[in-house]
2 protein chains.
Amino acid sequence: MNESIYLDYNASARVRPEAAGAVAAALAAVGNPSSVHAAGRAARAAVETARADIAALVGAVAGDVTLVGGGTEGNALGIASAVADGVGQIVVGATEHEAVVETAAASGLPVEVWPVNGAGLADLDWLARCLAQGPRALVCLMLANNETGVIQPVAQASALVREAGGWMHVDAVQAAGKIPVDFAALDADTLVMAAHKLGGPQGVGALVAHGRVTLTRQVHGGGQERGRRSGTENVPGIAGFGAAALAALADLPSLAIQAAWRDALAVRIEDAGGEVLGKAAPRLPQTLCFAMPGFASDLQVMNLDLAGVMISAGAACSSGKVKPSRIVEAMGRPDLATVSVRVSGGWASTEQDWKRCGDVWLEAHERHAARRRRVA
Amino acid sequence: MNESIYLDYNASARVRPEAAGAVAAALAAVGNPSSVHAAGRAARAAVETARADIAALVGAVAGDVTLVGGGTEGNALGIASAVADGVGQIVVGATEHEAVVETAAASGLPVEVWPVNGAGLADLDWLARCLAQGPRALVCLMLANNETGVIQPVAQASALVREAGGWMHVDAVQAAGKIPVDFAALDADTLVMAAHKLGGPQGVGALVAHGRVTLTRQVHGGGQERGRRSGTENVPGIAGFGAAALAALADLPSLAIQAAWRDALAVRIEDAGGEVLGKAAPRLPQTLCFAMPGFASDLQVMNLDLAGVMISAGAACSSGKVKPSRIVEAMGRPDLATVSVRVSGGWASTEQDWKRCGDVWLEAHERHAARRRRVA
């Protein structure tokens, strides 16, 4: 990986040194947090310190946080809890992650797909009408989209959901650690984070739940996490998550600066004929999704990879295969769904990384265009 | 933790240096295994290498292994898959772990508790009668018990279950990495391992499934693990698990030696009036469960902890509270259920550790006995 440039943080962020250090320390310390001896008590303390740091990243308190195995499990627990609470339908944003879409589909409840506009923003008027007509709803709206970085109007949606007596579930996996997140201001019932999207290790996440809701256990056993999630706690993972959350919170201002580097790249892409998706919406500062008609997503990714620049074609959640982007399709641009790519920076990305990405992309595009001209 | 002696490996093993190194390497490497670029492919390779090493520890092949978030989740996935396959009852060994007991109880199916004898061994005649009478059964029998180390006659039970057309589920969380385990010889349908019991990190486990059975997905989303378990793979945890499995396999002979050290301690305890539980059964080489009438479990644990020796009172799976041991009760000795403790060594334990544990326990017991004599 020498000399390579990693701009695929939305798939998995580079692990922050603070997080790697916390993981290593926990691995060296041994101990089951349920054990009463010194090692057990130290492991328990590490978990609870991390829980408080994780909560603080989204302005919540430690008691709101249930630690789980990742964002997907967090979404599953939040959705299952709302279903157990007796909602009669699930409203799912059109650009939600598969973890939400597939879990809703498997619930057995009616699922309404909540459309987004051309900028990728969920339509609040549609939601108001939907809530007025249907049974009590679980409403799932992500805080920021994984492909476009588009930031949804969650607080406004929550107000509508609250008024209708529904359950607001927020997938904040991509937002947490990249923009300020205030759990109280969002007024969500449940909110999900994943450590590995913000510089912590893979395999650990959190479900933040408001005091007014009850979580339904999905995994039975030893009764850990106050009975909400059995299984020996992933102490190194949790410690790494806590350290990453702490560092991410301190780093928010420096991450915001990347918006300028991102926008400079966008201008170069647009000058070459590309189109930025979600440009009209508020977005994460480090995410750029663009489409280049005639230049297939996987070709773009492979050409950049050969030059040592790692980006992504849509979400990296299946078997490594590139499919048309559901997100771009939902934004009303099926014409761009197979020619869009995502560039996403993070805590270790530099202005030079973004510039180099642009250089390499423009070279690849020029070669590709020349080949097409020769063929034509 | 300086100078302290850790003899609570059955709660959570000391992490092997090979495992800590593999975790650190994965944390430094970044990458989502579903990403198609160089970092993604390297992460995928790390996962698949580890999967093969994990499979090899129990004589299985990589394709049999589904990676999950720990032993509890592995048990949940195995049991849910059998339930989805249409079994009509669940037969649960009397000394199974809470992860199995509670999951079976939550299934909605009739649950039969399969008794053990005074040595802690499951009664095969009882099983034969049960299978002859009831509907098609999921039978859950652990390979080795967490408290006593008693090794169950799983292969014999499997033969009965196979004959009856049932589903054999084996919790091998405590056995894997401590004794040779042969998935084919056990002829189980599903078998569970947890990394942190054999020197890997917490938060990762495996469900090994025979080709004749189908696993039912419990977590929906991106379709990882061939659709059986969605969510970004815990690459560092999996890499650590693989390294630990490889080291544990090579280490089996050296762990077997601990049986002599364990038995030397047992003699000292018996000489002081204590009783070894499961003594008449085959047991894990590094586990000793004993009871001392009149000397409460938690007092034993606390006294040893003060002297820097960490052991356990029963299972360490609830909120750090010591309850009467279900296991000892199931063995027909309720009189010993509040005075039993577990000493469990592992890859880093020395003969000196076991001796020192005996010295400290005998001192503590003598002080305790003297106090009782004064009070009487």
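B:Phe290 is buried, at a relative accessible area of 1%. Buried here means under 20% relative accessible area, exposed means over 50%, and partly exposed is in between, with a 1.4 Å probe and protein chains only. B:Trp361 is buried too, at 0% relative accessibility. So is B:Phe295, with a relative accessible area of 0%.

Before I go on, the ground rules. This is a predicted model, where local features need pLDDT of at least 70, side-chain atom pairs count only at pLDDT 80 or more, and totals for chains, interfaces and linings use all residues. Residues are numbered from 1 along each chain as its sequence is written, chains are lettered from A and ligands numbered from 1 in the order in which they are written, and side-chain values use heavy atoms, with hydrogens and water left out.

Back to the rings. Over all chains there are eight aromatic pairs. One of them joins B:Phe290 and B:Trp361: edge-to-face, 5.4 Å centre to centre, 90° between the planes. For the criteria: rings of Phe, Tyr and Trp (its six-membered ring) pair if their centres lie within 6.5 Å; planes under 30 degrees apart are stacked, over 60 edge-to-face, and the rest tilted. B:Phe290 sits in strand β10 of chain B and B:Trp361 in helix α12 (residues 351-375) of chain B, so this pair ties together parts 71 residues apart in sequence. Helices (H or I, at least four residues) and strands (E, at least two) are DSSP runs, numbered from the N terminus.

B:Trp361 has another partner. Its ring and that of B:Phe295 have centres 6.1 Å apart and planes at 45°, so that pair is tilted. B:Phe295 is in the loop between β10 and α10 (297-306) of chain B, and the two residues are 66 apart. In chain A, ring pairs link A:Phe290, A:Phe295 and A:Trp361 into a cluster.

In chain B, three strands make an open sheet, in the order β9-β10-β12, with antiparallel pairing. β9 (275-276) and β12 (340-344) of chain B are the edges, each with a single partner strand, so one side of each has no neighbour in the sheet. Two strands pair if DSSP finds at least two bridges between them. β9(B) and β10 (residues 287-291) of chain B have two bridges, in the antiparallel sense. B:Val276 stands opposite B:Phe290 there. Helix α9 (residues 258-271) of chain B lies across β9, β10 and β12 of chain B, at about 5° to β10(B). Contact means heavy atoms within 4.5 Å. Axes are lines fitted to C-alpha atoms, for helices over the stretch in contact, with angles from 0 to 180 degrees between N-to-C directions.

Over to chain A. Five antiparallel bridges join β10 (residues 287-291) of chain A to β12(A). A:Thr287 stands opposite A:Ser344 in β12(A). How many residues of strand β12 (residues 340-344) of chain A are buried? Five of the five, so that strand is largely enclosed by the rest of the structure. In a regular strand, side chains alternate between the two faces of the sheet. In β12(A), A:Ser340, A:Arg342 and A:Ser344 point one way, and A:Val341 and A:Val343 the other.

Next, the relation between the chains. Chain A can be laid on chain B with an RMSD of 0.0 Å, by a turn of 180° and a shift of 0.0 Å along the axis. That is a two-fold axis. In chain A, the C-alpha nearest the axis belongs to A:Gly69, 3.1 Å away. Both copies use the same surface: 100% of the contact residues of chain A recur in chain B. Copies are superposed by least squares on the C-alpha atoms of residues with pLDDT of at least 70 in both.

A helix next: α3 (residues 71-84) of chain B. Of its 14 residues, 12 are buried. Among them are B:Gly71, B:Glu73 and B:Leu77. α3(B) is followed by B:Gly86, with a positive phi near 95°.

A:Arg226 is exposed, with a relative accessible area of 60%. A:Gly222 is in the loop between β8 (205-209) and α8 (235-256) of chain A, yet counts as buried at 11% relative accessibility. A:Gly222 and A:Ser34 are 188 residues apart in sequence, and 9.5 Å apart C-alpha to C-alpha.
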